[in-house]
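Please read the points below with the coordinates open. They are meant as a working note for a colleague.

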Amino acid sequence: MATTDQPTGSGNTDDAELAEFGYKPELKRTLGNFHTFAAGISYISILTGTFQLFYFGYGSGGPAYWWSWPMVFVGQFMVALCFAELAARYPVAGSVYNWSKKVGNPHLGWLAGWMMLIASIVSIAAVALAYQLTLPQISSVFQIVGDGTGKYDVATNAVILATVLILFTTVVNAFGVKLMATINTAGVFIELVATVVLIVLFAVHITRGPQVVMETNGTGAGHGAGYLGAFLVASLASAYVMYGFDTAASLGEESRDPSRNAPRAIIRAIVASFVLGGLVLLLALMSVSSLKGKELSTDGLQYVVLDVLGPTAGKAMLWCVLIAVTVCALAVHTAAIRLAFAMARDNNLPASSLLAKVSPRFQTPVLPAVIVGVLALSILVVNIRQPQIFTVVTSIGIIMIYLAYLGVTGPMLVARLRGRWQPAGDGKFSLGRWGLLVNIGAVIWGAVMTINLIWPRASVYNATAPFHWYLQWGAVLFVAVIAGGGFAYYWFVQRHRTGVLAGHRLEENPATPAATLAAPAAD
């Protein structure tokens, strides 16, 4: 375990925290308060997550699956509070990677960063697939492959539509953070307004009371643990939504006063998502004409919107959902780029000198934008004829993000127990005496939910033919290969090269001791 550095006297400047990592400022600070908030909430994206997996949650757990929403919020809110405290202390690019490195050691940091990087790439593909769940509902013109009834029509068409979105996010991110922030902020504003409007419209069309969330539709019948088993499966739908709030801190090197703005953005993003998303789900269940229609388990919230609001208003709302999906994919891509840049700056990825290069024209790492986009596209191509592409790709992405988050909250807890964690000073965000209790809760939640998500249930990973053991255990195998193979590469190859690249290293001076600039070493 490494000792965490104490706050320096220069903590009142935006670039002071970079000095503790040995980095010189390179990225242009152009983002304000709302930009950082927008980055966090667009990654979470209320309309993307709720609309993408409502069908799965409802089909697996019935209306009572709604209770997974507050459950996931409580757990993830504890994680978000830990991250807010870290963001106040270390608002740097590649937040999860650098935080784990700082409160843990370089080896833990690399593994957390690696898992988060792969998870982010998988998540881009997962989010982009949401186009398929919305566009064909707007018009059959968007069902390019077949008529949607063939065995592979939906999965193949989903890949085509998702490819268009990923190409768009790649181009936008390559052209710099200012263009990304402008599109993202406008998209988030539209998403928030649309969410509020949707809540109001659902509210004026309610046909049943809130007791609807006590109905299970008999979904526990096929589980050994009864409804608890069904509920734990259905909770995947909520777990998919509430993560990515760390993106606000990952843009810390491009934000103004990030040590104060990033913690606020993290907390506001997850609270706003919980309140608005919870109301959307509740009122959707209260306003849909019938709870017996199979469309609730196939078409999800898209069906509810059209059923309650009618074709004209319903399709207008679905266009807003499409905008939300677009800015969500953009935010996930942006976060992945910053993480790749942060790891490459430490010479912790292959071809690091190229990946860490910041374009003098666009003031952003261009090559990571392209590579991340290409890798996300490759995930889609591999799964092009997989009917369960939506749940499989989504599940794997969530599992690795929960593991990456544990790579931060775990070492942070150990640092607290050893008395080595020092929060930021100067009135910046701190959990104070609640820090230990919240941190323990965050670690327990992360561990339990990771087990729940990775459990090789056929209902999640191999619900339809062909039934093969390797399909059901696919998530376990994929995560094991990524984690084990990746860390083996790091341990035997990359760790011998690690160190801040010369072009990114802060030059030492008499006022900045070398010990302060060095990366923390493992005990």
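1. Confidence. This is a predicted model. The mean pLDDT of the protein chain is 85, and 90% of the residues reach at least 70. Residues 1–12 fall below 50, although in the model this stretch has 40 contacts beyond near neighbours in sequence. Residues 509–523 are also below 50, with 24 contacts counted in that way.

2. Helices α4 and α13. Helix α4 covers residues 68–89 and helix α13 covers residues 258–287; their axes lie 8 Å apart at an angle of about 170 degrees. Because angles over 145 degrees count as roughly antiparallel, α4 is placed in that class relative to α13. Sorted by class, the residues in the contact of α4 with α13 are 19 nonpolar and five polar, with no charged residues.

3. Helices α6 and α14, geometry. Which way does α6 run relative to α14, roughly parallel or roughly antiparallel? The axes of α6 (residues 106–128) and α14 (residues 301–345) cross at roughly 155 degrees and come within 9 Å. The pair is therefore roughly antiparallel. The crossing of α6 past α14 is left-handed.

4. Helices α6 and α14, contact residues. On the α6 side the contact is made by W110, G113, W114, M116, L117, S120, S123, I124 and V127. On the α14 side the residues are V325, C328, A329, V332, H333, A336, L339, A340 and M343. By class this contact has 14 nonpolar and four polar residues, and no charged ones.

5. N347 is not a glycine, yet its phi is positive, at about 60 degrees. N347 sits in the loop between α14 and α15, the latter being residues 352–355. A351 belongs to the loop between α14 and α15 and likewise has a positive phi without being a glycine, here about 55 degrees.

6. Is N347 buried or exposed? Its relative accessibility is 17%, so N347 counts as buried, the cut-off being under 20%. A351 has a relative accessible area of 49% and is therefore partly exposed; exposed would require over 50%.

7. Y461. This residue is part of helix α19, residues 458–461. With a relative accessible area of 4%, Y461 is buried. Y461 and A475 are 14 residues apart along the chain, and their C-alpha atoms are separated by 7.6 Å.

8. A155. Helix α8, residues 153–174, contains A155. The relative accessibility of A155 is 3%, so A155 counts as buried.

9. A239. Helix α11, residues 236–239, contains A239. At 0% relative accessibility, A239 counts as buried. Which residues is A239 in contact with, leaving aside neighbours within four places in sequence? They are V72, I398, Y402, M449 and L453. Y58 is 181 residues from A239 along the chain, and the C-alpha atoms of A239 and Y58 are separated by 14 Å.

Key. Residues numbered from 1 in each chain as written. Predicted model: local features only at pLDDT ≥ 70, side-chain atom pairs only at ≥ 80, totals over all residues. Heavy atoms only, no water. pLDDT = per-residue confidence, 0-100. Contact = heavy atoms within 4.5 Å. Axes fitted to C-alpha atoms, helices over the stretch in contact; angles between N-to-C directions. Helix = DSSP H or I, 4+ residues; strand = E, 2+ residues; numbered from the N terminus. Parallel < 35°, antiparallel > 145°, perpendicular 65-115°, else oblique. Nonpolar A, V, L, I, M, F, W, Y, C, P; charged D, E, K, R; others polar. Left-handed = near helix turned anticlockwise from the far one by under 90°. Buried < 20%, exposed > 50% of the residue type's maximum accessible area, 1.4 Å probe, protein only.
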